[in-house]
Each structure stands twice: as structure tokens, then as C-alpha cells.
Amino acid sequence: MQSARAGSARPPPALASISRETTEVMILSEGLGNDISDHDGPEWQQRRDVYQRADIRSSLIVPLYYRQELLAVLALHHTGSPRNWHEHEVQLAAGVADQAALALSQVRAYEQVRELARREALVNTITNAIRSSLDPQKIFAAITEQLGEALEVDGCALSLWSPGDEYMQCVGLYNAAIKETVVETRPAALSEPDTSTTTNLPLLGVETNQSIESDQSDDLPQSAAPISGNPVLQELIRTRAPVAIADIEQRPDSMVMLPLRSPSKALLVVPLLLDGDIIGSISLRQNHQVRHWQPSEIDMVLLVAAQAALAVQQARLYQKTRQQAERLLEADRLKTEFFQNVSHEFRTPLTLMIGPLETVVNQQQDLSLDQAKIALRNSRRLLRLVNQLLDLQRFDAGRMQPSFRPCDLVEFCQQTVESFKSYCDRKQINLVTNLQSCPQLYLDLERFDKVLYNLLSNAMKFTPTDGTITVSLQPEGNYCRLMVKDTGIGIKQEQLPHLFERFRQAEGSANRSFEGSGLGLALVKELVELHHGRITVESEYGQGTTFTVWLQMGNLHLPPSPLLDVPAEFDARRAAVELADVEVDLPDVQIDDINLPEVLVADGSASLTDHGQLGSNTVLVVDDNPDLRRYVSMMLQNAGFNAVLAKNGADGFNKAQTYHPDVIVTDLMMPQVSGLELIRMIRSSPELRGTPIILLTAKADEDTRIEGVERGADAYVSKPFNDRELIAEVRNLQALKAEERRVAHLNKYLTESVLRRFLPESMVKKAAAGDLTLDLRPEPRLITILFSDIVGFTRMSNALQSQGVAELLNEYLGEMTRAVFENQGTVDKFVGDAIMALYGAPEEMSPSEQVRRAIATARQMLVALEKLNQGWQERGLVGRNEVPPVRFRCGIHQGMAVVGLFGSQERSDFTAIGPSVNIAARLQEATAPNSIMVSAMVAQYVPDEEIIKREFLELKGIDEPVMTCVINPNMLNQ
């Protein structure tokens, strides 16, 4: 503390430079200059200059002590003239100094407590964030945001790196300018540090405020320079201590060249240490002003850095545990999928073995030759699958012990290709060889033959008719190259990396194109590597695939213990087992040279009709396995059913549309269209949607069963199945379907019989088919009412006998009803010989359309009545015995009425009620015989040339006269 002479507003700033530390009260007056002149050096020379410029003649200097600690110095200066300091002035200054020392100590204690509290609050906040969450993003956001706000800096960044990395990876960034905290969202940010080179990672401590887009859509800045080119980080690595820069411009030249991409004035970088190693750093920056980083601030950042290091370790452990859990779940899923498909491959041949055996045992018969061939073929398939599983298990257990012998690979390839030739001929595939002599190779033929068998089997399976398979062998330097190339369907590029993985190969989709466990290529890779060779694959989807096997010549690359000098011999007996899958994949007509027809007609059933229909008792069998398709169809044929065969879902849907089967039995996993897709197609077809479907499959898990039921399967039969079980399911569903049809037919009959009483035939058919929804609840509607009646019917009925009256009246009402229906009208009721018809209910029509159809009906009635009279005269019903020809009157009115079903649950009628009905009836009474009278409401829609006359009439029951119009009955309705 310093004071100038009274009158000065504030002490000159230079007075601070002449403050001096003292432990006792000092009075400097006349001897002041001598006191300073006793010392040399720039500092003392500066003090002398200040004293002279300020003209200081006397000074009183008092130390401020608190608990024996020197806190400050109180200096009183007098200028212009010397001053003698009195005792009481010295005592006063000392007393003030004591009070000032006490106040300073309290302020310092308060600041220390506040700083400690702020630090503890910050640490508690960050600690709570670490403990309360396993989400690294939330932890890093809390660290950077809380630390940045606590120290009031422009930016705070947290990054992960190690001295061996090329770039740093920013995982948390706080920007005070926009009050935003950004965190790294990529899992790689928490991966264990390594010495590999990485690029395009954020640079901690030199971050930018701008977001830069990247492949991962990060909002964090990208690195501008490697760690090796950052002098701050190099100092951090060297000292493992905080680097504090108050003013970057005042640092040496090397510091000025920092790779900063945003304006920064001050910088503080603190290392993250874990077990003495740097795993990252925290950086704080001030953009536009110098900042002297206080020791308390540095201590706070160090404390936070220690917590951050623990958070990083915790996050890494969490990330590692989560990744391990995900890998375990994925492995479990793949294994489950694999075993489901392996189960499918087991269950299908077991069905074809157990089913026929159970049948012949139960029937006490001998096994037929066809059934024996099916059982043998599928026994070999099962044996091949078991052998593949055992071979892979031996590889996994390290118990595959090869025995390498000299081998003539050309002869081996010729014999193997020859075993496939007959199958290729039957499938019409060209099999080409190009085999060049190779020096002697050492192979374990008992195991290596499975390599060529698998590659050729796959080529045959995926190559269509008229395709080509090429097997070539030629030396390439110190290696022998064996290639199997086909012109098949090829492999998609995304599947190539997983082609030799056993779990990946077991495709789990329901519409996979071909059967197979997916073990073959996995076993091929293991067997090739057993011979110290390698296998590669090239494929273009839709064009074909090429597998290349590289085998090293000689035996120097092989371990000496399993080497034998006895030449290896090819064992053709193993071909029967290896070729089992090839036989199954051949088309139907080529299995055992037996042509299996598309339709198997049951014994005693009628043959196909001229339209290709089988009638009732027909079952469609859909399965891509020819053996199983044959077995099921013959089982159904023996049970009295007509069986239609389809090889996949697409073929099955076409056959269903052609034959309309009573029941469909379909496999689940099929090429092109799966069983579930077939169910969807059947349920979407109006003609087939009610057909019962049995899902026949080897996938017996609960999820597949539920999915099948949800898609619309009526029953689910798992392989292997009992023939009695399947036949019982078919018969039960057939009976249920027959009952459904009977009930549906009855409902249709009842619906039509009720609606036909008052609706046109076209509306009756729509309503019975469910294509028309009728709301028959009573409601007010604008309708047109036609009312007609026979003139003199009472006198006529008295003259005719009852039988004649009934005959005449029924014919009359029939023709009149036909006229109403043909004009889309509704017959409301018959009242004796009177007819009431409605237009606009229940089917809505425009008012003009109602009138047009009502008048057309009346004119058609007159024409029909004329023809009826001619017939009745010929039969003697009218025109004699005082019975004149029948004449009728017709009245038409349009207005509001309540229309709907009236009555009770036991008896109800569809009718219209209201004054409009009464007006139509009164118009009929007022008109002349064989004429048509309409109201003014109707006449407004009738052309003037069709109206004969207009007049007001007093109608019975109507209070006021009504305007009426007589319509020309002979004019054609336009």
C-alpha cells in the first residue's frame, strides 16, 4: 500500500516499483538518497529515478503482520519538502497497518475457503457424473462443461492420445462463445491406445470452433497437425507436468508456430495420467486476452484431470465389456442359426429314412425298391454331414492328424471329374478339364479329396442348365494352381469376406436358393490350410465364380513326422457319400431315371377334366427337395388324395391357381419364393385365400412356428413326421374347410333370399359377396316413390276364380318387379295388387337420376302390361266373361321420408314412412287408367315436351291443392 501527498487523486503507477519489503517500521527522510545510492543494479537505479521524478523527500514504511506472517507493506511518501514524522503519526500508521493486516488475512481466508468450496463442488459434480452414468458421452460432456464454466475460459477440450500416436482424438469440447458442449460419438474414441497411425482425428488443445463434417458425421474439429509437430504437447510429454502459457506471443519462436486454427491468446494444457502414463490431456484456452494461470487454477485442473483419467479408464472398461458382450451375443446368434440349419439338414434325410420304414413296419410289408433308394441316398447325405461336423470338430480340438504321401494330382483330378461327369450330363452342364502335369505333390488324399468334391458340388449346384464348369491344373513357379470355375449365379460382393466362415455360411433366410449346411467351404479352407496351401475366390454376381487352390510343390514346407514315401491311391468308394448332395439337387425327371408326373391321381378317382381340374380331394405339395416331394405325394395318393406337385413357392402358387386344391402342404425354406411368402400370396388371392395350408418344415423352433401361424398357416408339422400325423392334419383341415364352405353357402343363400325380396339382382350379388355394405338403419333421406295399382281389381277377382286370380296376379307382379329391378329400383312392398317402389334407397342416387329411373320404370310397366294382356286374352283370362283387359294407374312423387328396417327382431321390413309416400299413393288414385301422373317436385326434372298437361288437384288427405303433371307414357326416356 502506498500514499502520495494530500491533493493527489491517485498515486503515480511508478510508485509500485519502489515498494520494499521490511520487517520493521522505517522512516526515510534526508538520508533517503544516500540509502538508495548505497546499492547498485538496474532495480535500484530504477528506484532512484522514480524518487527523483516524484520529488519524494520523506517516507514512512510500516509492515503488515498477521500471526507473524508478512502480508503487505504500507508506504507513506511526502514530496516537495522534507518531513519529520511525529511519534503519534507513526503510532497511527502502525495501528492502521494492524487493522489492515487483519482485514487482509480475513479476505485471504475467505478467498481460500471459497476457492476450496468451488473446487470441491466441481470435483463432486464431475465425480457424480462419472458414478451416475456409464455413458462416456455424458461423462466427457460434464467434465469439459463444468471445468470450462468454473474457470470462465473460452474453450475447454478433452482428448485421448498416447505419446506413440500420430494424432490426438478429441472426445469432449466446450465452447463458451455458443454455450455448447460437443462429445465424440464414435466407439473408437474409447479403444485402447496403440502405436498405429491414425489420421483425421481431432487435435486437443488447438481445437476450432467450427464444425467439420466427416464420415461419422462428427461435430468435433479435425486434427490439423500431428503430435510430433506440436511443441506444447512435446513439452507435456517431456515433463509430464502442466504447460501454462499466459501470452502465446511472448513465448519463444517455437511456441509462436503452434498449429492453432482459432485465435488463442492464453493456453493451459494438463496431462491425463494413468499409472504414470499419458493417456490424454485437458486443454483450456483464452481467445482474446492474456491470462496468468493461477496455481490454484492449475491445481484444480490437475484434480479434474485425475478424475477424467479414472473416467476414461472406466469408460474403456465399459466399452470393452460391452463389445465383448456384443461379440458373445453375435456368436451365440450365429451358432443358434447354424444349428437350426444343421438341424434342418438332419431332419430332412431323417424324414425320408424314418417315414418309409415306419410305414412298412406298421403295414407289415417289404420296403419297395424306390423307397429303399430314397432311404439309401438320404443315409449317405446324413453320413456326409456327420463327417463334415466331425472333421471340423477335429480341427477345433487340434486332433486332425494328416498323413502326407506323394500324389499324382492330374490323375486324381481326372478320376474325380469323371465321377461327376454323368451327373453333369443329366443336368446338361458342360464339364471341361485343362490339366497340366505338375511335379510331385505330397497330399493326404483321404482328406484332400473332400476339397475337390465340395468345390465341384457347389459348382454343379449353382450352375444352371447349359452352363459350363472348368477344372484346370497348372504349375505356377514353386506352386501348383488348381482352379474350379463355373458360369453359375455368382456370389454377391458383400458375402465374399464371410464365404469360408462356417457360421456365416449357414444362411438362415427362409428363401435361400439351395439346401446345404454351409459347412462345406469352411471345411475346404481348413483342409487346404492343413496342406500348408491357401484358397481364394473371385466372383461376379450373375456371371460365375472361380475358386483357386494354391499347393506348394515338394515336401520341404511340411512337417517331417507325417510324411510317408508310399504313393497315395484314390479310393473311389468314398465318392458315393460325397456325391449324395449332388443326386438330390438333380431335377425330378433325372432321379433314378423315373419320370415323376406333375399330378398323381388317387386310385379310383376320376382323371383330369377337359379344363385340367381335379375336382375335390386334391392336395398341393410344395417342396424343393425331390425325394421329400415324391414321398409326401405318394403318401397322399395312397390315402386317397389327388396330389399336385410343385418344386418351389412360385411354382406352387401357379399350380394353386390352376388346380384350386382343397389343402396345401408346403415346406418353409425354398428357393425363389419361401413357404411364408407362398402363404402371403395365397392369403392375398381372392380365389385362394380360404385354402387351408400346412407348413411342413425342419425348423421346429417356437419363433418360426409363431411366425408361420401369424402369416396364416393353419397347421405346423415338424420333420421328421409320422405319415399318419400328416394325413390326419390334411383330413381335418379338409373337413373344416368343407364345413366352412357349407356355412358360407348357407349364409350366402339366406342373404340373397332376404335381399332379393326388395333389391335388384346386381346389388344382391354384391351384398352377398361382401362387396357392398348396406346400412339399413332408419334415417331421413330424399327419395322418389313410385306407386302403381290395377284398375278395378276387386271386380276382376270376383269374376275370375281364385286360381285364375292368383295366376294372373303373380305374373303381373313378376313383370312389374322386373321393370323396377332393371331400373335399379327397390321394391318396398306389395299391397294386394298395388306395388310401391323406391329410388335413392338403400343405394344412393342423385334426385334427377331417381326421377329418370322411376319414369322409365312406369313406361316399362305399361309395355309389359300390354304384352301380359295379349297372353291372358289368348288363355281366356281376360276379354271374356265380363273381365276386361287389365289396366293400371301410376303416381310418382319425390320428397323426404324415413327409410330403413322397421319392426322387431322376429319380423321386420325395409320400407319408407312419411307424407311423401301418401302423396305418391294419392297421385295414383287421381290419374286416369294407363297413365302416369307426377308431382311438381318430379316434373322439374322432366323435359317439357314429355309433359301432356299440368293442373292443381285436391288430393285426399292433403290440405292444399297439389300441382300435378301427366307424363306421356309412350315417349322414350332419354
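How many residues does the largest nonpolar core have, and which of them have the most contacts inside it? This is a predicted model, in which local features need pLDDT of at least 70 and side-chain atom pairs count only at pLDDT 80 or more, while totals for chains, interfaces and linings use all residues. Residues are numbered from 1 along each chain as its sequence is written, and side-chain values use heavy atoms, with hydrogens and water left out.

**View 1. The largest nonpolar core around L409 and L455.** This core has 50 residues, and L409 and L455 have the most contacts inside it. Helix α10 (residues 445-462) gives the largest share, 9 residues. A nonpolar core is a set of buried Ala, Val, Leu, Ile, Met, Phe, Trp, Tyr and Cys residues joined through side-chain atoms within 4.5 Å. Buried means under 20% relative accessible area, exposed over 50%, and partly exposed in between (1.4 Å probe, protein chains only). Helices (H or I, at least four residues) and strands (E, at least two) are DSSP runs, numbered from the N terminus. Not counting residues up to four places away in sequence, L409 touches L441, L443, F448, L473, C480 and L551; contact means heavy atoms within 4.5 Å. A second, separate core has 43 residues, including I790, F793, V934 and A939.

**View 2. The crossing of helices α9 and α10.** The axes of α9 (residues 409-426) and α10 come within 11 Å and cross at roughly 40°. Axes are lines fitted to C-alpha atoms, for helices over the stretch in contact, and angles run from 0 to 180 degrees between N-to-C directions. The crossing is right-handed; a crossing is left-handed if the near helix is turned anticlockwise from the far one by less than a right angle, and right-handed if clockwise. On the α9 side the contact is made by L409, F412, C413, T416, V417, S419, F420, Y423 and C424. From α10 come L445, F448, D449, L452, Y453, L456, S457 and M460. Sorted by class, the contact has 13 nonpolar, 3 polar and 1 charged residues. Here Ala, Val, Leu, Ile, Met, Phe, Trp, Tyr, Cys and Pro count as nonpolar, Asp, Glu, Lys and Arg as charged, and the others, Gly among them, as polar.

View 3. Two strands pair if DSSP finds at least two bridges between them.

**View 4. Strand β5 and its partners β6 and β10.** Strand β5 (residues 155-160) is mostly covered, with 6 of its 6 residues buried. G155, A157 and S159 point one way, whereas C156, L158 and L160 point the other way. With β6 (residues 169-175), β5 pairs in the antiparallel sense over 6 bridges, and C156 stands opposite Y174. The pairing of β5 with β10 (residues 277-286) is also antiparallel over 6 bridges; there, R285 is the bridge partner of G155.

**View 5. S472 in strand β14.** Strand β14 spans residues 468-476. S472 counts as buried because its relative accessible area is 13%. Leaving aside neighbours within four places in sequence, S472 is in contact with N434, L435, R481, L482 and M483.

**View 6. Positive phi at Q428 and H532.** Q428, which is not a glycine, has a phi of about 60° and sits in the loop between α9 and β12 (430-435). Phi of H532 is near 60°; H532 is found in the loop between α12 (520-530) and β16 (534-540). H532 counts as partly exposed because its relative accessible area is 42%.
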